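Let's walk through this fold together, one stretch at a time. Have the sequence and the coordinates ready, and follow along as we go.

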Amino acid sequence: MRIRHARPDDEALAVALHVNPDVRKFLWTLPHMDFTTARQWFSDFVMASEPPGQWIQAIEDDDDKVIGFIWYTNFDGHNTYISVGLVRRRGIGNGRKATALGLEYAFAALGCGRVSTTVVAGNEGGMKLAEFYSTLEGTMRGAFMAKDGVHDVFLYGLLESEWHEKRDSLLPAVEEGA
C-alpha cells in the first residue's frame, strides 16, 4: 500500500465515495452533498494539492488500484486535520495501514506537531481506528445534524512525540504488506 497526491483522473472514485450514503452519514462536513457539489469539492482539493491548506491523497493497494483517499486540512503548519475514507477492501486492515501512512506523511513530510480527527457517534469502525492511533480529547455534544437526527462528534488527537513512540511498530507492517 502507498499514498500519492490525487490526480484529476481520481475524481470519479472520490466523488462516488463522497456521495455514498453509507459514507456520507458519518462525514461531519457537508453531510448532504450532491454529485455536482462533490465534483466541485474534489476539484478544489486537487487544485490545492500542496500544503498548507486543504489537499487530498489517493490510497493505492499493491496492484496500483485506488482503494480510498486521505483528506488533510493544515491549519497553521502545526495542527493538521486528517480524514481517511476507503472505497473498497474494507474490514481487512486497510484503514489502519492507510492511517499509518497518512500520519507518517503528516508528521515527517509536513512537519506537523499535532494531528486530529473527528468521528461521528455510531461510526464504530472510525472510532475503533481513531482509538487505535490517538487519544479521545473530547465530545462535541449534538454537533452533527443528519437526516436521522442529531449526533455527538468525538475529537481525537495525536502529538508528534506520541506518533514517534508508535511508528516503528506500525510502519514495518504497512511496508511489508501485512
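Through how many residues does a hairpin join S6 to S7? The hairpin that links S6 to S7 runs through two residues. Helices (H or I, at least four residues) and strands (E, at least two) are DSSP runs, numbered from the N terminus. Strand S6 covers residues 135-146 and strand S7 covers residues 149-159; they run antiparallel and are joined by eight bridges. Two strands are said to pair if DSSP finds at least two bridges between them.

A word on the ground rules. This is a predicted model, where local features need pLDDT of at least 70 and side-chain atom pairs count only at pLDDT 80 or more, while totals for chains, interfaces and linings use all residues. Residues are numbered from 1 along each chain as its sequence is written, and side-chain values use heavy atoms, with hydrogens and water left out.

Now for the overall picture. The protein has six helices and seven strands, and from the N terminus on the elements follow the order β-α-α-α-β-β-β-α-β-α-β-β-α. Of its 178 residues, 45% are buried, where buried means under 20% relative accessible area, exposed over 50%, and partly exposed in between (1.4 Å probe, protein chains only). Contact means heavy atoms within 4.5 Å; among contacts between residues at least 6 apart in sequence, 59% join residues at least 24 apart.

Let's start at strand S1 (residues 2-5), where we find Arg4. Is Arg4 buried or exposed? Its relative accessibility is 14%, so Arg4 counts as buried. The side chain of Arg4 makes a polar contact with the side chain of Glu60 at 2.7 Å. A polar contact is a pair of N or O atoms within 3.5 Å; within protein, one must be able to donate a hydrogen and the other to accept it, and residues adjacent in sequence count only if both atoms are side-chain atoms. Not counting residues up to four places away in sequence, Arg4 touches Asp10, Gln57, Ala58, Glu60 and Val66.

Next comes the loop between strand S2 (53-60) and strand S3 (66-74), which holds Asp64. Most residues other than glycine have a negative phi. Asp64 is not a glycine, yet has a positive phi of about 65 degrees.

S3 leads on to S4 through a hairpin with four residues between them, and Gly77 in the turn has a positive phi of about 90 degrees. These two strands pair in the antiparallel sense over seven bridges, and Phe69 has Gly85 in S4 as its bridge partner. S4 also pairs with strand S5 (residues 114-120), here in the parallel sense over three bridges; Thr80 has Val115 in S5 as its bridge partner.

Leu86 belongs to strand S4 (residues 79-86) and is buried, with a relative accessible area of 12%. Leaving aside neighbours within four places in sequence, Leu86 is in contact with Leu17, Ile59, Ile67, Gly68, Asn94 and Gly95.

Our last stop is helix H4 (residues 94-109), whose 16 residues should span 22 Å at 1.5 Å a residue, in agreement with the 21 Å between its end C-alpha atoms. The expected span is 1.5 Å times one less than the number of residues. Because 13 of its 16 residues are buried, H4 is largely enclosed by the rest of the structure. Just after H4, Gly111 takes a positive phi of about 70 degrees.
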